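Welcome! Please have a look at the structure first, and then read on.

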Amino acid sequence: MSEPGLANHDEMDAFVIERSSIREGFKRIEESGKCEYVLSEGTGQGYARLISSVNRVHITDFEMTFHRKMEIESVSNAAFVDLFFCLGEGAEWNVQGKKERFDFETDESFLLSNAKGKERCEIEPGKKYRFMGVKLHPATFQTILKNIFKEDDYARKGNLREIFGKYPMTPAVKVILQQIRNCTYEKSLRNVYMEGKILELMATYVGEAVLQNGITHGSANLSKQDMISIGKAKEILDHNLAVSVSLNELSKLVCLNEYKLKKGFKEMFGQSVHAYVIDQRLEKARLLFEEQGMSVSDAAFQVGYGNLSFFTLSFRKKFGVNPGDYLRHVVKHSMN
């Protein structure tokens, strides 16, 4: 499937606008063979942009603020799998035929399998809605899963239904989203790049969702309460990456002895507590490079490194390149 351009207007219409009850509030802007929709002044400020459309996978970028409270109704004529990433303020919506309402907040992601039908979303005035969405045909989604996991693992895990739901966004996922959004390639090269990034995004997202569910690692020696406590420990670490939390302190916070926390964390998440914190700090530093072009020293300090040489060594060990070179040659190139 070709990159969005004049030949893809019908697809853009169907995907973003024609499905929405507020399509009259949008106007289409065409520039350099590409197309996006912006909100009219009477409706609000913002845009809906199709970033990529390859192999029945659509990546969209939304940034909107509305002037008044609205209810948006969207209609889909086919089943699909939606993966949403909330980069602004949160939202709530419901799907026809399902009792529960769906919601997610800033820095959360949501994987949802939808049948054809209607969706309704209430829009609050003044809120900055900022999302990136990946829409996949179910067959494409299944193919991606099979490419990520071994065939026997895929079959044994019941097609990995456990991955559907809401998860916090990790720095690794945010980096990939930023790279997709900032892609400067054109035409065929852009398609090749996007195909690779889509697979990387899905592999990273699904892999982390699987780990958070404890699916890939046996947990026969852990009670349900143990797993809840270890999950809470991970949340504490995620929210305090720049602060050194000792294993002793962490065990007290989650009411679990050090031995069980240490062993159980490795069992559930595939890494020791220390290795997990280092890994997440480095991913966070890479995100600061990608999003803000932050200097190496500032990024190192912000993620909790007091020793710049040790940060450089750790970054090179994980990503295969010095942070200064990454910032100069990778990030700056994508920003230009």
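The second largest cavity has a volume of about 50 Å³. Five of the ten residues in its lining are the closest to its centre: Ser-109, Tyr-167, Pro-168, Tyr-205 and Glu-208. Please keep in mind that this is a predicted model.

**The cavity and its lining**

- Searching the whole structure turns up two cavities of 30 Å³ or more.
- Strand E12 (165–168) and helix H5 (187–213) are the elements that give two or more residues to the lining of the second largest cavity.
- Which element gives the most to this lining? That is H5, with four residues.
- Sorted by class, the lining of the second largest cavity has six nonpolar residues, three polar ones and one charged one.

**Two helices that pack together**

- Two packed helices can be described by the angle between their axes and the distance between those axes.
- Helix H4 (residues 171–181) packs with helix H9 (residues 273–292) at an angle of about 25°, and their axes are 8 Å apart.
- Angles under 35 degrees count as roughly parallel, and H4 and H9 are therefore roughly parallel to each other.
- The crossing of H4 and H9 is left-handed.

**Where the two helices meet**

- On the H4 side, the residues in contact are Pro-171, Ala-172, Lys-174, Val-175, Gln-178 and Gln-179.
- On the H9 side, they are Gln-280, Glu-283, Lys-284, Arg-286, Leu-287, Glu-290 and Glu-291.
- By class, the contact of H4 with H9 has six charged, four nonpolar and three polar residues.

Notes: Residues are numbered from 1 along each chain as its sequence is written. This is a predicted model: local features need pLDDT of at least 70, side-chain atom pairs count only at pLDDT 80 or more; totals for chains, interfaces and linings use all residues. Side-chain values use heavy atoms; hydrogens and water are left out. On a 1 Å grid over the protein atoms alone, a cavity is a set of points where a 1.4 Å probe fits but cannot get out, and a pocket is an open set with protein on both sides within 12 Å along at least five of seven lines; lining residues have an atom within 4 Å of a point. Grid points are joined across faces, edges and corners, and a volume is the space filled by probe spheres set on the points. Ala, Val, Leu, Ile, Met, Phe, Trp, Tyr, Cys and Pro count as nonpolar, Asp, Glu, Lys and Arg as charged, and the others, Gly among them, as polar. Axes are lines fitted to C-alpha atoms, for helices over the stretch in contact, and angles run from 0 to 180 degrees between N-to-C directions. Angles under 35 degrees count as roughly parallel, over 145 as roughly antiparallel, 65 to 115 as roughly perpendicular and the rest as oblique. A crossing is left-handed if the near helix is turned anticlockwise from the far one by less than a right angle, and right-handed if clockwise. Contact means heavy atoms within 4.5 Å.
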